[in-house]
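Please consult the sequence and the model alongside each point.

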Amino acid sequence: MILLVIDCQNGLVTPDLYQYDIFCHRVKALISAARSVGTEVVFIRHSDGPGAPLSPGNPAYEISPLFTPKPHELIFDKTRNSPFRKTGLLKYLRTKKEKSLMITGLQTEYCIDATVKCGYEQGFRILVPEYANSTVDNAHMTAEATYEYYNQFIWKGRYAECISFADAIRLVNPR
């Protein structure tokens with residue numbers, strides 16, 4: 001299993017996120033649990049292109065210090081919602097013969113949704129821990145409604161195993 005940490009960048013990790021404190025605590029705990037037993041942690045970073053806040057060279061683009069990668073941990077950069085498109089991630093996972101991905105990060109209805117669905121379509125077992133993805137209110141739904149809609153209706157039993165946080169910790173750290 002590999003723990004994917006999606007788009008936990010300075011420009012996105014803000015107190016406006018749904019369940020901000022719980023989200024931050026859980027992502028940090030999953031990263032720590034994975035590292036403690038050598039479960040690989042891979043970071044994904046999004047760029048909206050030159051001149052945008054989420055672009056290389058801008059502070060908003062960098063991974064939040066709450067989730068700083070270790071020097072040996074990989075970071076794949078993407079320009080689309082899916083980290084499987086033109087990033088090298090899929091080739092890397094195939095080379096490692098990886099079968100399971102635990103998905104954490106931002107934002108629920110954008111890059112997390114694309115990662116869950118595209119990962120499923122690529123044949124991976126997708127695991128989504130509760131309250132380890134988040135988003136902000138949008139013009140159509142509150143952040144809470146968005147979170148519940150994707151985690152409890154769209155992904156669960158279709159594209160992913162939406163699991164308790166305790167089960168997620170046990171899976172990344174099976175000691």
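Throughout this note, contact means heavy atoms within 4.5 Å. The model is predicted, so local features need pLDDT of at least 70, side-chain atom pairs count only at pLDDT 80 or more, and totals for chains, interfaces and linings use all residues. Residues are numbered from 1 along each chain as its sequence is written, and side-chain values use heavy atoms, with hydrogens and water left out.

1. Ser 64. This residue sits in the loop that joins strand S2 (40-46) to strand S3 (75-78); helices (H or I, at least four residues) and strands (E, at least two) are DSSP runs, numbered from the N terminus. Ser 64 is buried, its relative accessible area being 4%; buried means under 20%, exposed over 50%, and partly exposed in between (1.4 Å probe, protein chains only). Apart from neighbours within four places in sequence, Ser 64 touches Cys 8, Gln 9, Asn 10 and Val 13.

2. Pro 69. The loop between S2 and S3 also holds Pro 69, which counts as buried at 18% relative accessibility. Its contacts, leaving aside neighbours within four places in sequence, are Arg 35, Phe 43, Ile 63 and Ile 75. From Pro 69 to Glu 40 the separation is 29 residues in sequence and 11 Å in space, C-alpha to C-alpha.

3. Helix H1. The 18 residues of H1 reach 27 Å from first C-alpha to last, close to the expected 26 Å; the expected span is 1.5 Å times one less than the number of residues. Among the buried residues of H1 are Phe 23, Val 27 and Ile 31. The buried residues pack against strand S1 (2-6), S2, strand S4 (100-106), S5, S6 and H5. After H1 comes Gly 38, with a positive phi near 85°.

4. H1 against H5. Helix H1 (residues 20-37) and helix H5 (residues 165-172) pack at about 25°, with axes 8 Å apart. They are therefore roughly parallel, a term for angles under 35 degrees. The contact involves Arg 26, Ala 29, Leu 30, Ala 33, Ala 34 and Val 37 of H1, and Phe 165, Ala 168, Ile 169 and Val 172 of H5.

5. Helix H4. Which residues of H4 are buried? They are Ala 143, Thr 146, Tyr 147, Tyr 150, Asn 151 and Ile 154. Viewed down the axis of H4, these buried residues fall within an arc of 125°, so they line one face of the helix; the arc is that of the directions from the helix axis to the C-beta atoms. They pack against helix H3 (108-121), strand S5 (125-129), strand S6 (133-134) and strand S7 (161-163).

Notes. Axes fitted to C-alpha atoms, helices over the stretch in contact; angles between N-to-C directions. Parallel < 35°, antiparallel > 145°, perpendicular 65-115°, else oblique.
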